[in-house]
Each structure stands twice: as C-alpha cells, then as structure tokens.
Amino acid sequence: MALPFLTGLKGKRDQIFAVDLGSKVTKAVQMSRKGENYTLDRFALVEVPGENPGGYADVFAEHLNTVIEAMGGRCKQLCVAIGVNDSLLSHAEMPMVPVSDMRSMLRYSSKNYLQQDLSDCVFDCHIRPFRQGMDGGEVKKPANKCRVLVGAAKRSLVDELQAGAKKAGLQAVHVIPNFIGPANAFERAYPEPFANEAVALVELGQKNTTITIMYDGELALSRVVNYGSERLTQGIADAMGISEEEAEGAKLTMPTDVESYLSALLMPLGREMRASIDFFDHQHDKAVSQAFFSGGSARSPKIIENLQIEMMVPCHQWDPLSSLKLDLPPEQLGEVEQVSPQLAVAVGAGLAALE
C-alpha cells in the first residue's frame with residue numbers, strides 16, 4: 001500500500017532513502033531491493049532542529065543533509081513519511097473509475113466524498129475489495145462503486161518537501177501518510193496474523209499515539225490519540241520531582257520507584273486504545289486478537305505490560321526489520337536491535353516506494 005500523493009513517478013526502484021519526520025527525532029533508512037528480497041543498508045536517528053522541518057524547504061534541505069551525513073551514505077531517490085498533523089487517511093465510497101480520475105474528483109469535490117473541503121490538498125487512492133458477508137455469502141456491490149482508502153496532504157507542504165529534497169540533491173518520489181508505514185512493514189514481517197487476523201498496530205510517538213487496526217490484510221480503522229511519550233516523560237518528572245532528561249532515562253530503565261507511577265500515567269492512553277478496539281469490534285463483529293507496539297517507548301516492556309492491562313488483549317513489541325536482510329556497516333550492527341522499534345514507519349515507507 002503506497003498512497004504516495006505524487007504522480008508521474010511510477011515504476012520499480014532498486015534503492016530508496018526513506019525518512020520518517022518525527023516531532024523530535026527523524027528516523028531514516030536506506031533500503032535496497034534484490035528480486036523479492038529487501039535489504040537494510042543504513043539507518044540514522046537525528047534530532048529535529050526546533051519545529052518539524054517539513055514546513056520550510058531550506059530548513060528541510062539542511063536537515064536532510066544532516067541525516068545523510070549521519071547515515072554515511074546517499075541515495076538519490078527519497079520517500080518522506082509525514083505525520084498525522086500534516087496528512088489525512090480516510091475511507092470513502094467512490095465511482096469505479098481509474099485512480100487518476102479519483103484524484104481529480106477529490107480535488108474538486110472532496111466534500112462530497114470526505115465530508116470536508118480539502119480543495120487545497122493532493123490525494124491518492126487505494127481501491128479496497130468488497131468483503132464477504134458475515135454469513136460467508138457475497139456482499140451486494142453498489143453499481144459502479146468501489147471502496148477506497150484515501151490519503152491527503154496539503155499541496156503547499158508536498159511542494160515544500162519536493163523543493164527541499166531538490167536543494168539537498170535528492171528526488172522526492174514518494175510522500176506518504178505515516179499511518180501506512182507500520183502496516184506495510186508488518187505485512188512483510190508477520191504475514192500470517194496480517195492476512196488472517198484482526199490486529200492492532202500501535203505506534204507510540206513523541207506527541208501522539210496512533211492505532212491502526214488491520215483486518216484480514218486490510219486497513220480497517222486508523223485513529224490518533226493525543227497522548228505520546230512526551231506526556232509520559234513529563235508525568236514521571238512531575239511525580240518524582242526530577243528533570244525531564246532524568247525522566248526520559250528512567251522511562252526506559254524503569255527502576256522500581258518509577259514503576260509505581262506508571263499504571264496511573266498510562267491509564268488514559270490504555271483506555272483510549274481499548275475504546276478504539278471496542279469500536280472496531282462493534283462495527284465488524286470481529287475481536288482484535290492481539291496488539292503490536294512500535295515507536296521509541298515500545299522499547300520498554302513495562303510500558304507495554306501496563307497498556308495490556310487496560311487494552312485487555314495480548315500486547316507485544318514487534319520487529320519491523322525481521323523480514324529484511326541486514327547489510328549494515330559494522331558500527332551500526334551493534335545498535336540496530338535497540339532502535340528497531342523506532343524504524344517501523346521509515347521501513348514501511350521504504351517498502352511502499354520499492355514495491
């Protein structure tokens with residue numbers, strides 16, 4: 001699943017430089033495709049200079065150069081995953097026409113299909129198959145209609161990202177919503193639950209947490225919760241009377257005195273996650289079997305254990321690199337396992353651009 005927003009740049013590639021623009025840290029990977037196999041060649045985690053660099057072409061170009069230097073390599077073709085504040089992902093029912101025509105229809109009549117005016121956006125569409133009925137029979141398809149997953153982003157932002165990439169000597173071939181990243185990476189890493197179960201993919205971000213529910217290989221629900229690791233760090237700092245830097249370290253090492261505050265701090269997030277799962281259950285008459293966590297805070301087993309209590313489904317950290325061959329420089333091999341949960345969005349974006 002790609003939803004790249006950009007047109008005229010189709011076709012398979014052998015190598016891609018993919019970046020996940022976080023609010024605090026940009027996660028980047030360089031990936032290669034060899035036949036049906038994919039390789040992770042390099043990665044980097046680089047602090048964002050002030051505000052998210054996606055808003056200004058010059059700042060973005062400078063930031064890209066910093067990321068390239070940290071990674072120690074350069075690939076000319078770039079894929080950018082943008083955050084939930086800069087993109088939209090929605091389900092719609094549209095006429096059965098070519099995707100290029102759907103994009104034009106959304107540009108001029110987005111309110112008819114998405115219930116909001118998005119005339120200043122660019123779009124892409126992924127056509128979804130109609131499901132069987134709950135009794136196993138065929139669902140009657142509306143005449144000349146199809147189910148579509150729609151991605152949208154501000155045209156001005158996409159233009160700035162392309163301009164910034166060009167200033168850095170790169171070509172932006174994909175700009176995608178970050179919701180797509182974990183789903184793509186999970187499909188390759190865990191094909192059985194992806195294809196045959198209803199699973200929740202939870203990305204613990206700095207400012208927000210996203211939950212994506214995959215149902216038999218389809219993206220059935222996506223939601224953003226205004227609770228991220230930043231809020232958890234601040235809560236630990238306030239409860240213990242320590243600095244945010246100390247709280248950030250304690251969040252991962254999880255000494256006993258920090259654990260005592262964890263349940264109360266994570267309860268609001270766990271309940272929001274449970275509410276999303278309940279909504280899906282009622283809409284589809286299908287129970288979510290398990291939840292898989294990625295993002296920086298997913299490196300802490302205690303955080304996942306506490307969220308499992310509220311969510312009431314088995315919860316696991318998952319490895320977005322498990323389906324990739326690692327062809328990393330020696331200095332990166334020793335740290336890749338530790339940072340792997342943070343690379344889910346970037347890896348999934350890279351897979352979208354390579355497929």
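User: Why is β7 described as largely enclosed by the rest of the structure?
Analyst: Eight of the ten residues of β7 are buried, so the rest of the structure largely encloses this strand. Buried means under 20% relative accessible area, exposed over 50%, and partly exposed in between, with a 1.4 Å probe and protein chains only. Helices (H or I, at least four residues) and strands (E, at least two) are DSSP runs, numbered from the N terminus. This is a predicted model, in which local features need pLDDT of at least 70 and side-chain atom pairs count only at pLDDT 80 or more, while totals for chains, interfaces and linings use all residues. Residues are numbered from 1 along each chain as its sequence is written, and side-chain values use heavy atoms, with hydrogens and water left out.

User: Which strand order does the open sheet of three strands have?
Analyst: The order is β5-β7-β6, with antiparallel pairing; two strands pair if DSSP finds at least two bridges between them. β5 (87-95) and β6 (121-128) are the edge strands, each pairing on one side only. From one strand to the next, the twist averages 30 degrees; axes are lines fitted to C-alpha atoms, for helices over the stretch in contact, and angles run from 0 to 180 degrees between N-to-C directions.

User: How many bridges join β6 to β7?
Analyst: Eight bridges join β6 to β7 (residues 145-154), and the two strands run antiparallel. Within β7, L149 stands opposite H126, and A152 is the bridge partner of F123.

User: And over how many bridges do β5 and β7 pair?
Analyst: β5 and β7 pair over nine bridges, also in the antiparallel sense. S87 has A153 in β7 as its bridge partner.

User: Turning to cysteines, how many disulfides does the structure hold?
Analyst: The structure holds zero disulfides, a disulfide being a pair of cysteine sulfur atoms within 2.5 Å. For C75, the nearest cysteine sulfur is that of C79, 11 Å away. For C146, the nearest cysteine sulfur is that of C125, at 8.3 Å.

User: Are C75 and C146 buried or exposed?
Analyst: C75 is buried, with a relative accessible area of 4%. C146 is buried as well, with a relative accessible area of 1%.

User: Where is C146 found?
Analyst: C146 is found in strand β7. C146 and A92 lie 54 residues apart in sequence and 8.5 Å apart in space, C-alpha to C-alpha.

User: What about the other open sheet, the one of five strands: which order does it have?
Analyst: Its order is β11-β10-β9-β12-β13, with mixed pairing. The edge strands here are β11 (218-225) and β13 (315-317), each of which pairs on one side only. The twist from one strand to the next averages 20 degrees.

User: How many bridges join β12 to β13?
Analyst: Three bridges join strand β12 (residues 290-295) to β13, and these strands run parallel. Q317 in β13 stands opposite F293.

User: Now the helices. Why is α12 largely enclosed?
Analyst: Eleven of the eleven residues of helix α12 (residues 344-354) are buried, so the rest of the structure largely encloses α12. Among them are V345, V347, L351 and L354.

User: And how many residues of α4 are buried?
Analyst: Eight of the ten residues of helix α4 (residues 180-189) are buried, so α4 is also largely enclosed by the rest of the structure. The buried residues of α4 are I180, G181, P182, A183, N184, A185, F186 and A189.

User: How many cavities of 30 Å³ or more does the structure hold?
Analyst: There are two cavities of 30 Å³ or more. On a 1 Å grid over the protein atoms alone, a cavity is a set of points where a 1.4 Å probe fits but cannot get out, and lining residues have an atom within 4 Å of a point. Grid points are joined across faces, edges and corners, and a volume is the space filled by probe spheres set on the points. The largest cavity has a volume of about 50 Å³.

User: Which residues line the largest cavity?
Analyst: The lining includes L204, T209, Y227, S229, L232, L266, L269 and I303. The elements that give two or more residues to this lining are α6 (229-240) and α8 (256-284).

User: How do the residues of that lining divide?
Analyst: They divide into six nonpolar, five polar and no charged. Ala, Val, Leu, Ile, Met, Phe, Trp, Tyr, Cys and Pro count as nonpolar, Asp, Glu, Lys and Arg as charged, and the others, Gly among them, as polar.

How values were computed: On a 1 Å grid over the protein atoms alone, a cavity is a set of points where a 1.4 Å probe fits but cannot get out, and a pocket is an open set with protein on both sides within 12 Å along at least five of seven lines; lining residues have an atom within 4 Å of a point.
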